[in-house]
Amino acid sequence: MNARTAPNIFVREGDGISTLVVEGDWTAISIAGLSGHVLSPSNLSFSSDFGNLGRIDSAGALAILTLAPNAAFTADLPANLADLFALVGSAMADRDVPPIKTPPFHVRLGQKVYRAVQEIGASARFLGQLEVALMKSLAHPKRMRLIALASSIQKAGFDALPLIAIMTFFIGAVVALIGSDLLKTLGASELVVELVGISVLREFGVLIPAILLAGRSASTFAAQIGAMRMNQETQAMKVMGIDLFDALVVPRVLALLVIMPLLAIVAMLAGLAGGLVVSWGILDVSPTYFAERLSAAVDIRHFWVGMAKVPVLAIVIALAGCRHGLSVRGDVEDLGGRVTVAVVQALFAIILLDAAFAILFNVLEI
Amino acid sequence: MICDPDIVIRVENLKTRFGDHIIHQDLNLEVHRGEILGVVGGSGSGKSVLMNTILGLIAPSHGTIEIFQKKIGSRFDRTEINHRIGVMFQNGALFSSLSVQENVEAPLIEHTRLREPWLEAVALMKIGLVGLDAEVGRQMPAELSGGMRKRVSVARALALDPELLFLDEPTSGLDPIAAAEFDQLIRTLSDTLGLTVVMVTHDLDSLYSISDRVAVVADQKIVEVSPIAELERSDHPWIRAFLGGRAERAKERNR
């Protein structure tokens, strides 16, 4: 293969005729530096000289035809070049594409709002469908898919247990640590027990598992079901008469409903343990005293307040994952987007519902 | 070994195995410049494995493979031959996050310094080359039909004007008319651009209409490489079953 020479195209005027001269290599690699300046020969009698043409490929032919549109119609064109020009020329024929019109701002805003409202409607419909399917499977427990349920419980629940325990342990420890400074200056070090007890039982013991499950399980559910949709598995199920809600959604929702209370209890224990370790090490509150004060000063209703939130959050997390998994259409990009939306919506709903619960319990004075 | 520039691919004594399962043994193949070579074989006979081995995606356990007189080994330099090879995978393997036009532009951006306005012009020309409208360039791969996806995949494979084009079942899943058009497209491209084409296929129509030679993969090796007309006279049982039944049925229909 010879050394590459730069492509060159120009019109040689002389003896009353214009000759189009094409020299050098015309390949996808060599034409990069060419400008888009179109040559127009001054004379109508027109011939071409391809004598010094090096290598040429279809991208090069495109460049020649763009720069000199009538190069293909010159008389003394070698046969292989004529074929190439004919092929490339026909491919270039209808290249002009009308530009995409972006609708004006108010139209796009309207579309966004409309879609957001539809999203709420879709979520409500999905919740309704889920309730019907749940009731049905409670009425016919034999139809419940126990293996799917057990596998979901294992993956979403037990596999997450160590992580949740470690996270809440440190949260409990940090709460005790930060609270201890303030309480020391007030001379009420023993109040650290109430601080840790109430915050862990009411909030952290529930929120931390919920947030972890939103990241862990909502995304898994969305990705699993979404991949099944992309693989046409859901269509196969529909054709076989398998109810998608029965087979895919109900086991996952039930799994979280069953396992999340357990996760919350473990989280609460771990959080209290974290608080206990810090108060023992820094505030010299003995474990025995910590336990005694916990049972005396921290009312059991805080535990129940925390646990009351658990089933609601479990359903919301499972719902977000399953719903977005089922609405995956087509490509990988959509799958990724849906998984993200599932996690974001689950997290958003958790925080929002927690705030709503806080207000509710405040009003009810629990 | 003789370095014949007209031999684009040379496979010698190839052995491929997955664990204890031997796919190929003592497989030999030569592909000549400018020809369209059909590769046929029963399901699971290792046609796609052979293609992937030649492409260097699967490491052979024994034997040598040369493309453009360069040995494909564990430490060969892909970049030297990458832009001389185009591949169309069975399901298109289009990048689903990129539009059709961006899919075709991807190898151009990667391997050339081509930038606007040439980039778009070249990409749209390639899309036109495979018989698609320029509007298709805006669509996403998920919006395309199976036949269009195959065409786009060929457009992307052709982006760098490769000398060697691999096609994995290019006409499977296409209706006979679209398949015939596709065959004609490959023939035209091969004749005009001087392409060497290696085509894994089950489609007798494509084999009869455009292949110069056909390689038959059976019994873990290539049992025969010859023009399809000569293949009809073969007495290998698989070839006779493959060609015999269908060729006769076609004759019956035409009567």
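How many helices and strands are there in chain B?

## Model and confidence

Chain B has nine helices and ten strands; helices (H or I, at least four residues) and strands (E, at least two) are DSSP runs, numbered from the N terminus. This is a predicted model, in which local features need pLDDT of at least 70 and side-chain atom pairs count only at pLDDT 80 or more, while totals for chains, interfaces and linings use all residues. Residues are numbered from 1 along each chain as its sequence is written, and chains are lettered from A and ligands numbered from 1 in the order in which they are written.

The predictor's confidence in each residue, from 0 to 100, is called pLDDT. Chain B averages 81, and 91% of its residues score at least 70. Within chain B, β8(B) has the highest confidence, at 89, and helix α9 (residues 237-254) the lowest, at a mean of 69. Where pLDDT is low, the predicted coordinates should not be read in detail. For the complex, the predictor gives an ipTM of 0.71 and a pTM of 0.68.

A residue is buried if 20 or more other C-beta atoms lie within 10 Å of its own, exposed if 12 or fewer, and partly exposed in between, with C-beta atoms placed from the backbone. Of the 255 residues of chain B, 43% count as buried.

Strand β3 of chain B (residues 36-41) has six of its six residues buried, so the strand is largely enclosed by the rest of the structure. Ile36(B), Gly38(B) and Val40(B) are buried on one side, and Leu37(B), Val39(B) and Gly41(B) are buried on the other. Two strands pair if DSSP finds at least two bridges between them. β3(B) pairs with β8(B) (residues 196-200) in the parallel sense over four bridges, and Ile36(B) stands opposite Val197(B). β3(B) also runs parallel to β9(B) (residues 213-218), joined by five bridges; here Gly38(B) stands opposite Val214(B).

## Nonpolar cores

A nonpolar core is a set of buried Ala, Val, Leu, Ile, Met, Phe, Trp, Tyr and Cys residues joined through C-beta atoms within 7 Å. The largest has 89 residues, and those with the most contacts inside it include Ala63(A), Val39(B), Val197(B) and Ala155(B). Helix α4 of chain B (residues 118-129) supplies the largest share of this core, nine residues. A second, separate core of 66 residues includes Ala218(A), Ile225(A), Val285(A) and Ile315(A).

Two residues are in contact if their C-beta atoms, placed from the backbone, lie within 7 Å. Beyond its neighbours within four places in sequence, Ala155(B) is in contact with Val104(B), Lys126(B), Ile127(B), Leu129(B) and Val130(B).

## Where the chains meet

The contact between the chains takes 26 residues from chain B and 26 residues from chain A. On the side of chain B that touches chain A, α4(B) and α6(B) (176-193) are the elements that give two or more residues. The largest share of that side, seven residues, comes from α4(B).

One residue of chain A, Thr27(A), lies in the loop between β2 (17-26) and β3 (46-49) of that chain. Thr27(A) is buried, with 22 other C-beta atoms within 10 Å. Leaving aside neighbours within four places in sequence, Thr27(A) has contacts that include Arg55(A), Ile56(A) and, in chain B, Asp161(B).
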